[in-house]
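Hi everyone, thanks for coming. Let's look at a structure together, so please bring it up on your screens.

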Amino acid sequence: MGDTTRNRHGNDNDDATAPPSPPETVYYEGCPGCAMERKKENSTGTPYKEFFYVGVTTFASALPISSLFPFLYFMIQDMHVAKNEQDIGVYAGLLGASYMIGRCFASLFWGVVADRIGRKPIIAFSMLSVVIFNTLFGLSVKYWMAIATRMLLGSLNGMLAPIKAYSVEVCRPEHHALGLSVVSTGWGIGLVVGPAIGGYLAQPAKQYPGLFSEKSLFGRFPYLLPCLFISLIAFAVLISCIWLPETLHMHKNLEREVEMSGDSRVTDPHREVRHPEKKSLYKNWPLMSSIIAYCVFTLHDTAYSEIFSLWAVSDKKYGGLSFSSKDVGQVLAASGAGLLLYQILVYRYVHKYLGSIISSRIAAVLSIPLLATYPFMTHLSGTTLGLAIYSAAVMKGTFATTILTGTCILQNSAVSQNQRGAANGISTTAMSLFKAIAPAGAGVLFSWAQKRQHAAFFPGDQMIFLILNIVEVIGLVLTFKPFLAVPKHYDFK
């Protein structure tokens with residue numbers, strides 16, 4: 001009974017009372033993923049520097065996506081491809097959809113490549129594609145050239161899938177929601193600041209005749225200035241990628257990521273749940289159900305973005321607000337500022353107390369009556385109209401971000417790191433397909449609605465916002481069981 005044995009640390013302990021030795025963590029030298037794991041092991045704080053990189057790269061990547069919406073109506077007019085004013089929406093929708101069509105075909109490829117060679121190279125290449133092809137889009141004077149450059153920009157900008165994976169790999173599990181919130185914030189702000197830049201800087205010879213003449217470069221190419229401005233932001237972010245740390249594990253035991261010597265168990269409660277077997281992502285229903293819900297909400301949000309810009313600049317006789325592109329830019333800039341404050345000051349508490357699913361449901365429910373008020377704003381004017389449209393735009397942006405962030409968290413909780421890039425690639429591919437359908441469908445819907453201003457059943461713009469609300473209701477239904485499956489290890493609220 002008195003016999004003792006010497007354990008692995010060289011200590012004499014009684015066999016009956018000796019606790020099992022904790023597993024020893026082994027990190028591989030030269031592996032950037034292991035270096036990141038070691039850094040997370042030694043630091044329990046919020047990785048603000050890494051989150052800053054995530055935010056600015058996502059912001060720069062999102063800027064060109066919707067920057068054309070405020071001037072798209074006028075760009076189609078200048079290209080003289082529409083036979084009449086009511087047909088402009090159709091051509092605008094096709095041009096708006098071309099970016100997402102390109103991204104739809106390439107997103108899964110970029111996600112898989114990011115799982116092979118790392119997140120950082122794909123992020124840097126995506127920034128380079130923005131610099132080149134967004135500038136070329138600003139130089140487009142023919143409709144086919146505009147379509148081609150936007151489609152190439154979409155297919156070569158493969159950043160969204162790896163940046164989502166990256167945002168949860170640079171932080172401990174307790175900060176995953178914040179990491180994905182940074183992605184959603186950067187993306188959401190980019191989608192509203194981009195149109196603001198487009199609205200303020202498009203057609204500078206007309207908006208700022210004292211600074212730009214009709215014979216100058218920006219007078220001959222009236223939509224180059226906003227595109228060039230965004231490309232310069234992307235170039236600055238491209239340079240900053242030099243300091244972006246890699247997170248992908250690059251050693252033979254990739255499926256285990258951080259190998260445990262002497263014991264394969266992961267006992268650290270701060271580590272993410274491991275998935276030892278690499279099952280098909282298409283059979284992972286928690287992943288696929290959250291992706292489908294995400295895509296429906298994305299369809300709604302993209303269609304809303306295009307319809308809002310077209311509706312705001314269209315003439316009041318067609319049910320619009322008769323805004324200029326600058327007016328639309330101001331509204332979207334205010335929306336972006338409100339979204340930034342919401343994400344910094346409010347969202348973390350919303351997620352903490354409500355969770356991803358409940359907060360998404362509440363936001364979807366509140367969006368429905370909000371959208372129903374838009375058609376009646378055409379009867380307002382002056383300060384009353386400004387207060388109504390600014391407030392509605394800010395609230396709509398916060399609701400959309402709450403929903404999309406929540407569904408992104410569910411997606412990334414359903415897979416392990418060695419499948420996260422591919423999983424986000426599938427998500428981005430599906431989302432891009434829906435985002436390609438949204439502008440084209442929204443443009444056709446808008447043109448059709450403008451031709452039925454005096455219909456008895458939901459005339460004109462009322463029909464547009466009714467259909468948007470129907471899509472929102474479908475997305476809301478998809479957040480409930482039995483359709484939505486939640487990962488077993490996810491803390492449901």
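I'll talk about a helix, then the spaces inside, then a single threonine. Keep in mind that this is a predicted model.

Let's begin with helix H13, which runs over residues 325-372. Where does H13 bend? Look at Gly355, where the bend is about 105°.

At least two lining residues come from each of helix H2 (48-66), helix H8 (176-201) and H13. By class, this pocket lining has 10 nonpolar, 5 polar and 1 charged.

Of the 31 residues lining the largest cavity, Gly188, Leu191, Asp301, Ser305 and Ala400 are the closest to its centre. Several helices give two or more residues to that lining, H8 and H13 among them. Which element gives the largest share? That is H12, with 8 residues. The cavity lining splits into 17 nonpolar, 10 polar and 4 charged residues.

Finally, find Thr247, in the loop between helix H11 (224-240) and strand S4 (260-261). Is this residue buried or exposed? Thr247 counts as buried, because its relative accessibility is 2%. Its side chain makes a polar contact of 2.6 Å with the side chain of Glu169.

Definitions and conventions. Residues numbered from 1 in each chain as written. Predicted model: local features only at pLDDT ≥ 70, side-chain atom pairs only at ≥ 80, totals over all residues. Heavy atoms only, no water. Helix = DSSP H or I, 4+ residues; strand = E, 2+ residues; numbered from the N terminus. Expected span 1.5 Å × (residues − 1). Bend = angle between axes of the 7 residues up to and from the residue. Nonpolar A, V, L, I, M, F, W, Y, C, P; charged D, E, K, R; others polar. Buried < 20%, exposed > 50% of the residue type's maximum accessible area, 1.4 Å probe, protein only. Polar contact = N/O pair within 3.5 Å; in protein donor to acceptor, adjacent residues only side chain to side chain. 1 Å grid on protein atoms, 1.4 Å probe; cavity = no way out; pocket = protein on both sides within 12 Å on 5 of 7 lines; lining within 4 Å.
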